[in-house]
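Subject: Structure handover and what was found in it

Dear colleague,

I am passing on the structure below, and I would be grateful if you could read the notes that follow alongside it.

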Amino acid sequence: MSANVSGKRIVITGGSGFLGLNLARHLTDQGCDVVIVSRRKPAGEGRWRWVQWDARTVGDWSEALIGAAGIVNLAG
């Protein structure tokens with residue numbers, strides 16, 4: 001059984017590395033709206049959005065969480 005995730009927002013914190021980018025590619029291929037929240041901009045291009053986060057404070061990045069269907073925490 002597979003879940004229909006098309007059109008849902010998934011937030012990946014700490015997602016600018018190898019695992020996060022591959023997950024972001026997979027999820028966008030499934031039709032998800034993916035937001036990567038990380039300290040540095042992901043290398044390369046993709047259909048995701050990137051929001052900068054200093055990993056210490058709550059800021060504008062927290063708006064990406066509103067209405068998200070899921071959050072994947074890859075932040076170390």
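Throughout these notes, contact means that heavy atoms lie within 4.5 Å. Please keep in mind that this is a predicted model, in which local features need pLDDT of at least 70 and side-chain atom pairs count only at pLDDT 80 or more, while totals for chains, interfaces and linings use all residues. Residues are numbered from 1 along each chain as its sequence is written, and side-chain values use heavy atoms, with hydrogens and water left out.

Overall fold

The chain contains one helix and four strands, where helices (H or I, at least four residues) and strands (E, at least two) are DSSP runs numbered from the N terminus. Followed along the sequence, these elements give the pattern β-α-β-β-β. The radius of gyration, taken over C-alpha atoms, is 12 Å, close to the 11 Å that the globule rule gives for 76 residues, so the chain is as compact as a globular protein of that length; the rule itself is 2.2 Å times the number of residues to the power 0.38. Along its principal axes, the C-alpha trace spans about 40 × 25 × 20 Å.

Of the contacts with a separation of 6 or more, 49% are accounted for by residues 24 or more positions apart. Of the 76 residues, 30% count as buried, a class that means under 20% relative accessible area, with exposed being over 50% and partly exposed in between (1.4 Å probe, protein chains only).

Surface and charge

The chain exposes about 5,100 Å², of which carbon and sulfur atoms supply 51%; accessible areas come from the Shrake-Rupley method with a 1.4 Å probe, and for residues only the protein chains shown count as cover. There are 9 positive and 6 negative side chains, and the centres of the two sets lie 5 Å apart. In that count Lys and Arg are positive and Asp and Glu negative, without His or the chain ends, and the place of a charge is taken as NZ of Lys, CZ of Arg, CG of Asp or CD of Glu.

Val-35 is found in strand β2 and counts as buried because its relative accessibility is 0%. Leaving aside neighbours within four places in sequence, Val-35 is in contact with Arg-9, Ile-10, Val-11, Ile-12, Arg-49, Val-51 and Ala-64. Its C-alpha lies 8.2 Å from that of Ala-24, a residue 11 places away in sequence.

Thr-13 belongs to strand β1 (residues 9–13) and is likewise buried, with a relative accessible area of 8%. With the neighbours within four places in sequence again set aside, the contacts of Thr-13 include Val-37, Trp-53, Ile-71 and Leu-74.

The aromatic pair

The structure holds one aromatic pair. Trp-53 and Trp-61 form this pair, which is tilted, at 5.4 Å centre to centre and with 50° between the planes. Rings of Phe, Tyr and Trp (its six-membered ring) pair if their centres lie within 6.5 Å, and planes under 30 degrees apart count as stacked, over 60 as edge-to-face and the rest as tilted. Both Trp-53 and Trp-61 are buried.

Helix and loops

Arg-25 lies in helix α1 (residues 18–29) and, at 36% relative accessibility, counts as partly exposed. The C-alpha atoms of Arg-25 and Glu-45, which are 20 residues apart along the chain, are separated by 10.0 Å.

Lys-41 has its place in the loop between β2 (33–38) and β3, and counts as exposed at 57% relative accessibility. From Lys-41 to Ala-68 there are 27 residues in sequence and 21 Å in space, C-alpha to C-alpha.

Ala-55, in the loop between β3 (49–52) and β4 (70–73), has a positive phi of about 65° although it is not a glycine. At 41% relative accessibility, Ala-55 counts as partly exposed.
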